[in-house]
Amino acid sequence: MLSIRNLHARVGDKPILKGINLEIKTGEIHAIMGPNGSGKSTLSSVLAGRDEYEVTDGEVIYQGQNLLELEPEERAWAGVFLSFQYPVEIPGVKNIYLLKAAVNAVREHRGQPELKAGEFLKLVREKLKVMQMDEAFLHRNVNEGFSGGEKKRNEILQMQLLEPTLALLDETDSGLDVDALRIVGEGINQMRSPDRSVLLVTHYQRLLDVVKPDFVHVLAQGEIKLSGDHTLAQRLEREGYEGIEAA
Amino acid sequence: MSGFSAWLADAEDTHAIKAIAVGLPTKRVESWKYVPTRSLARTTWKQADPQGVEQFALTAGSFVNVPTLDGLSVTEPDILPGEQRRLNTMSEAHGFALTQAALEHSRLILTVEKTASVALNLHHIANQASSAGFATLVIRIEAGAQLTLIEQFDQVTVDQANLSSLRCLLTLDRDASVTHVRFQAANSNAHVFTNLDVECGEHSSYRLQTIEFGSKLARSDIYVALAGKEAQASVNGLAITNGSQYHDTHLAIDHVVGDTRSEMTFRNMVDGKGEATFNGRVLIRKDSQRSGTEQSIANLLMSDSARVNPKPELEIYADDVTASHGCTVGSLNKTELFYLKSRGLSEADARAFLQYAFAEKIVEEIEDPEIRDLVETQLLGELTHGELIAELKESVDV
């Protein structure tokens, strides 16, 4: 599904990723953990195509294509989805406009027929229920005035609607209370599929108690320092990142 | 020489002589320094011919089909001394204002009677090529009365420069309330001039929403005086300036007395080689204590050759005042664009979404659903790739 080879990226003159190697096979869930400033968010942003980051070396192959050559919208059409750490507020645009436009743009590029208003509403109501969101969210402006938890639920709602092949979830657990964490976690679990891969970027173990990853990687100083199964997350929670970084 | 010289020479008006002597304002006149006056000077202007219409309209400087409504009376054109003073001040503002005064073709004086509630919809009919109409509208809104005044422009094609000018005096008595919507979508060769002077009495409330999409050149001089205690004014505006258009709004709110509140919100979106000027001035006089004002100006530049000249001015001489202000100039926000594109929207659609969002913050405030729909529909027509949003509105708005 995704091969990241020797990926180097920088912001301005500052190198952030210093040779990332990672293989994600179809159906797998990988968690990237690491201290603040280790490059976790940079990795997911580079994969989604944010242009503030400059890739200086290495390659990313996604389903046989050179992912780094694609525009962000082309990546979305190809099935890549990024759940933002800080979802963007767009005052003046109703949530439902964005949701419907996004769903139909992605469907069009996958050769699926456009969803008519009635079909779309039926689908979105189903997904709202999963995310325990009120229908009023559809008619509010995109993320404007949403609480931290509502924004993250809105991200997972978008993921549910867009049905990506590769989901990049950037600190989706940050700013969530216990209940919201459970709802978001279940929303992610519901998307688990043999055809879909997930890259979870997180600082804490708590989301990984709900969404159990197949592999855990520790990112520090722009490199993957250690990889293991889900028990590695528990070890990190006990021992902290310091021991890993020193190793 | 201005393109009005011959016409002014024929006009029997004291302002005319002065207007000829002063001429059109040059770049040296601060409030006119960005106005491209070339087409005004080059056209030999003549009085327009009125056109037959069925609605209440302004055509060729004349008001036609003035409606007969309960609570609305048409007054003989006897101007009150206070009104005359305000008209004089308006006329002296700059060389073109003198021309507007001198070439006034007609004057309509209306009174909204005490505690009455009246809605007026004034249609601006385009004048013919190389012709102009100048008119003055005076409305007195008596104590406790309510007025909704909607101005809209017909959409036609006129193949050469045409001009319309409206000077408007509104006087709000105690407890009166006015909602005023101006939707300027005039033809692409139109030169539209507006001079608006509003005086708000005690406990009255004035709300203006001004939307400019149309015309080749539009200039609005707006002055709102909060002259009675507890008076409040809210002015919000949007100008979308494209191609080689020029839009210019000079807005001043004057807290003449204390315990008054004002709010000013203006957004410019400029594309192509368009140029927009916004001067927003708030004056809180020395004795106007316990007054409050909020000012917000945002400018969105869509192309490298678009220009915007925003100038916020707060002049506060009282000490017990709350005031906030902000002015921004920028292009579309990169993070917002990335967010939309990461959801599968094409670059063009993402840009249209954000332009729509920028304008909609003003448009969504229009209360009258009919005029709001009209503005939104035309707004989407103004945007490159506005079709997607039009289709979305159609399909999912309930």
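What distance separates the centres of domain 1 of chain B and domain 2 of chain B, taken over C-alpha atoms? The separation is 27 Å.

This is a predicted model, in which local features need pLDDT of at least 70, side-chain atom pairs count only at pLDDT 80 or more, and totals for chains, interfaces and linings use all residues. Residues are numbered from 1 along each chain as its sequence is written, while chains are lettered from A and ligands numbered from 1 in the order in which they are written.

Select 5–331 of chain B for domain 1 and 334–398 for domain 2; such bounds come from an automatic or database domain assignment. Between them, 15 residues of domain 1 of chain B are in contact with 14 residues of domain 2 of chain B (C-beta atoms, placed from the backbone, within 7 Å).

Next, select strands S10 (177–184), S12 (205–212), S14 (232–241) and S16 (261–270) of chain B, each of which supplies at least two residues of the side of domain 1 that touches domain 2. Strands (E, at least two residues) and helices (H or I, at least four) are DSSP runs, numbered from the N terminus. S14(B) gives the most to that side, with four residues.

Finally, select helices H2 (residues 14–22) and H5 (residues 95–102) of chain B, whose axes come within 8 Å and cross at roughly 150°. Axes are lines fitted to C-alpha atoms, for helices over the stretch in contact, with angles running from 0 to 180 degrees between N-to-C directions. H2(B) is therefore roughly antiparallel to H5(B) (an angle over 145 degrees). Among the residues of H2(B) that meet H5(B) are His15(B) and Val22(B).

How values were computed:
Parallel < 35°, antiparallel > 145°, perpendicular 65-115°, else oblique. Contact = placed C-beta atoms within 7 Å.
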